[in-house]
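I am opening a notebook on this structure. My plan is to look up a few spots and write down what each one shows.

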Amino acid sequence: MVLSVGERSRKCKNIIRYIQAMFIQTTYLSELDISPTKLARHLKVSPRTVSRLLIGHTNVSAEMALKLSVVLGGSLESWLQIQRNYDLWQARQTFDTEGYQQLCT
């Protein structure tokens, strides 16, 4: 089965978000026996927000990264890097370099 570029992009996007979600679930929630509801309470967000984060339907904002670093540990930068990696991947899928010229060599 051959996938179109759009289909491949959607599948990869879902995989990357799934990996982000699985990282939080396996590294923190499962290992430390923390429920999503408890995490939501400690992050001071709604359980729906945590649910969306854990199924990969929401971005890790700067504010959420701050909260995750305080509540779960890890550096702010590491939480932001997860989102940056995803954002860069997504930009590379759609950015066309045609017509751009390098100013500095």
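**Entry 1: a glutamine in a helix**

I started with Q83, which sits in helix α5, residues 76–94. I am working from a predicted model. Is Q83 buried or exposed? Q83 has a relative accessibility of 5%. The cut-off for buried is under 20%, so Q83 counts as buried. Next I asked which residues Q83 touches, leaving aside neighbours within four places in sequence. I found Q20, N59 and V60 in contact with Q83.

I then turned to helix α2, residues 36–43, and helix α3, residues 47–54. How do their axes run? They come within 8 Å and cross at roughly 115°. The crossing of α2 past α3 is right-handed. I looked up the residues that meet there. From α2 I noted P36, L39, A40 and L43. Their partners in α3 are P47, V50 and L54. I also sorted this contact by class: seven residues are nonpolar, and there are no polar and no charged ones.

**Entry 2: a salt bridge**

How many salt bridges does the model have? The count comes to one. The side chains of E63 and K67 form it, with N to O at 3.3 Å. In general, side chains of opposite charge can pair when their charged atoms come close. I checked where the two residues sit. Both belong to helix α4, residues 62–71. E63 and K67 are four residues apart, so about one helical turn separates them. E63 is exposed, at 52% relative accessible area. K67 is partly exposed, at 23%.

**Entry 3: aromatic rings**

Y28 is buried, at 12%. I then asked which residues make up their cluster. F23, Y28 and W79 form one aromatic cluster.

**Entry 4: to keep in mind**

I am keeping three notes. The contact of α2 with α3 has seven nonpolar residues.

Key: Residues numbered from 1 in each chain as written. Predicted model: local features only at pLDDT ≥ 70, side-chain atom pairs only at ≥ 80, totals over all residues. Heavy atoms only, no water. Axes fitted to C-alpha atoms, helices over the stretch in contact; angles between N-to-C directions. Helix = DSSP H or I, 4+ residues; strand = E, 2+ residues; numbered from the N terminus. Left-handed = near helix turned anticlockwise from the far one by under 90°. Contact = heavy atoms within 4.5 Å. Nonpolar A, V, L, I, M, F, W, Y, C, P; charged D, E, K, R; others polar. Salt bridge = Lys/Arg side-chain N within 4 Å of Asp/Glu carboxyl O. Buried < 20%, exposed > 50% of the residue type's maximum accessible area, 1.4 Å probe, protein only. Phe/Tyr/Trp six-rings, centres within 6.5 Å; stacked < 30°, edge-to-face > 60°.
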